[in-house]
Amino acid sequence: MSRQHFEFKPKDVCSTWMSFDIENDKLVSYKSRGGCGGNLLGIKKMVEGMDIDDVIFCLRGTKCGENETSCPDQLVQALEEYKKGER
């Protein structure tokens, strides 16, 4: 399977843009703009190379403060859209 590139506009978080590449059901590249630099770098280091189902399992439902979502949760939303074939 070839590498597929996706871009995503997160909702209700500080991050304004995310992009990722998927190859053989693994998240092989993750980038984001805006948000908390250290946290997003940590997410990047954690998820790159992981199976997308594992990323979804680990990060789904993560909240940021009082918000119902977070940058990790928005990444899950993007990956779920990818899996549904909407992207």
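Helix α2 passes helix α3 in a left-handed crossing; left-handed here means that the near helix is turned anticlockwise from the far one by less than a right angle, while clockwise would be right-handed. In this predicted model, local features need pLDDT of at least 70 and side-chain atom pairs count only at pLDDT 80 or more, whereas totals for chains, interfaces and linings use all residues. Residues are numbered from 1 along each chain as its sequence is written, and side-chain values use heavy atoms, with hydrogens and water left out.

Let's stay with the two helices for a moment. α2 covers residues 52-59 and α3 covers residues 71-84; their axes come within 9 Å and cross at roughly 140°. That angle makes α2 oblique to α3, because angles under 35 degrees count as roughly parallel, over 145 as roughly antiparallel, 65 to 115 as roughly perpendicular and the rest as oblique. The axes are lines fitted to C-alpha atoms, for helices over the stretch in contact, and angles run from 0 to 180 degrees between N-to-C directions. Helices (H or I, at least four residues) and strands (E, at least two) are DSSP runs, numbered from the N terminus.

On the α2 side, the contact is made by Ile-52, Asp-53, Val-55, Ile-56 and Leu-59. α3 contributes Pro-72, Asp-73, Leu-75, Val-76, Leu-79, Glu-80, Tyr-82 and Lys-83. Contact means heavy atoms within 4.5 Å. By class, this contact has nine nonpolar, no polar and four charged residues (Ala, Val, Leu, Ile, Met, Phe, Trp, Tyr, Cys and Pro count as nonpolar, Asp, Glu, Lys and Arg as charged, and the others, Gly among them, as polar).

Now for the sheet. Three strands form an open sheet in the order β1-β2-β3, with antiparallel pairing. Its edge strands are β1 (4-8) and β3 (26-34), each of which pairs on one side only. Neighbouring strands are turned by 15° against each other on average, direction ignored. Strands of a sheet pair through backbone hydrogen bonds; in the DSSP terms used here, two strands pair if at least two bridges are found between them. β1 and β2 (residues 15-23) pair over five bridges, and Phe-6 has Phe-20 in β2 as its bridge partner. Helix α1 (residues 37-47) lies across β2 and β3, running at about 175° to β3.

Ser-29 sits in strand β3 and is buried, with a relative accessible area of 15%; buried means under 20%, exposed over 50% and partly exposed in between (1.4 Å probe, protein chains only). Leaving aside neighbours within four places in sequence, Ser-29 is in contact with Ser-19, Phe-20, Asp-21 and Glu-48.

Arg-3, in the segment before β1, is partly exposed at 47% relative accessible area. Not counting residues up to four places away in sequence, Arg-3 touches Asp-21, Ile-22, Glu-23 and Val-28. Arg-3 and Asn-24 are 21 residues apart in sequence and 7.7 Å apart in space, C-alpha to C-alpha.

The loops bring in a backbone detail. Most residues other than glycine have a negative phi. Asp-12, in the loop between β1 and β2, has a positive phi of about 60° although it is not a glycine. The hairpin of β1 and β2 has six residues between the strands, and Asp-12 counts as exposed at 66% relative accessibility. Asp-25, in the loop between β2 and β3, also has a positive phi of about 60°, and counts as partly exposed at 39% relative accessibility.
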